[in-house]
Amino acid sequence: MFTSEDIRQKTITLSCKTGAGHLAPSLSTVEILTVLFRNYLNFNTSDAKDETRDRFILSKGHGAYAYYIILNELGFIPKWELEKFNTQEATIKGCLTENPEYMIEASTGSLGHGLPIAVGMAQSFKIQNKKNKVICMIGDGEMQEGSNFEALMLAYRFKLDNLLVIIDANDLQAMGRVEDIALDNDRLSKVLSGFIDENYFDIDGHNEEEIDKCFDSFYNKKNKSFSIMFARTVKGKGIDILEHSEKHHYRCPTLDGYVLKVEDE
């Protein structure tokens with residue numbers, strides 16, 4: 001089964017070989033997605049549309065490269081899609097486009113849409129007495145969208161214990177640092193913790209043991225309402241010139257002299 005180190009290297013290769021720019025916001029998601037898809041998310045590799053599957057919504061749909069790599073590892077996205085990525089021939093795009101055949105559940109990247117979709121899915125499953133789980137990953141900059149807070153209020157109101165909200169808190173957004181534009185992440189974490197009475201986790205989003213404990217609590221314990229994982233991450237994790245860099249939200253590192261190593265390929 002795949003490892004986060006392998007997913008990170010393949011994600012870097014995908015960007016550097018195709019010139020696709022949204023590498024930095026993809027690299028902050030690697031460990032979380034690896035643990036989720038490897039150990040917890042329920043799906044059927046023989047049927048991407050299996051109705052019993054859990055739903056994963058990547059609301060920060062611009063940071064999808066590691067997600068694409070994992071879907072390829074699982075057999076949902078064919079190899080040729082990755083080889084033609086960032087060209088007119090590919091059907092997977094820079095931002096996520098819904099594709100049931102690839103188990104891509106929603107078109108996202110226009111920020112503030114993923115969580116409302118996830119809340120609707122979770123409520124639908126509750127009404128139908130289904131056991132499906134819904135996991136939604138949101139960017140910290142994306143949390144400036146008011147639609148997310150409307151969705152959180154509904155999630156609390158309907159006690160959606162089948163919903164996990166993950167905040168990819170990497171401190172940066174497209175046009176700068178989150179603390180210079182809206183709330184810093186310490187304050188945002190305090191605000192979000194007020195939406196639920198239990199199962200709020202403020203963790204290192206690159207520590208697989210901490211990530212695993214969060215998923216284990218969500219999947220295997222009886223909860224009263226929805227859960228939140230506030231994951232402190234590093235944007236551009238794994239490449240020095242990308243880490244914590246404000247200018248690399250959409251910029252392939254090869255433009256700044258980064259050379260893809262042989263072992264990265």
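Student: Among contacts between residues at least 6 apart in sequence, what share joins residues at least 24 apart?

Tutor: A contact here means that heavy atoms lie within 4.5 Å. In this predicted model, 76% of the contacts between residues at least 6 apart in sequence join residues that are at least 24 apart.

Student: How many helices and strands are there in the protein, and how does its radius of gyration stand against the globule rule?

Tutor: The protein holds 10 helices and 7 strands. Its radius of gyration is 17 Å, close to the 18 Å that the globule rule gives for 265 residues, so the protein is as compact as a globular protein of that length. Along its principal axes, the C-alpha trace spans about 50 × 45 × 30 Å.

Student: What does "buried" mean, and what percentage of the residues are buried?

Tutor: A residue is called buried when its relative accessible area is under 20%, and buried residues make up 55% of the 265 in this protein. Strand β2, residues 134-139, is mostly covered, with 6 of its 6 residues buried.

Student: Which residues of β2 point one way, and which the other way?

Tutor: Val134, Cys136 and Ile138 point one way from the strand, while Ile135, Met137 and Gly139 point the other way, and all of them are buried.

Student: Which strands pair with β2?

Tutor: Strand β1, residues 55-58, pairs with β2 in the parallel sense over 4 bridges, and there arginine 55 stands opposite valine 134. Strand β3, residues 163-169, also pairs with β2 in the parallel sense, over 6 bridges, and in β3 the bridge partner of valine 134 is leucine 163.

Terms used. Residues numbered from 1 in each chain as written. Predicted model: local features only at pLDDT ≥ 70, side-chain atom pairs only at ≥ 80, totals over all residues. Heavy atoms only, no water. Helix = DSSP H or I, 4+ residues; strand = E, 2+ residues; numbered from the N terminus. Rg over C-alpha atoms; globule rule 2.2 N^0.38 Å. Buried < 20%, exposed > 50% of the residue type's maximum accessible area, 1.4 Å probe, protein only. Pairing = 2+ DSSP bridges.
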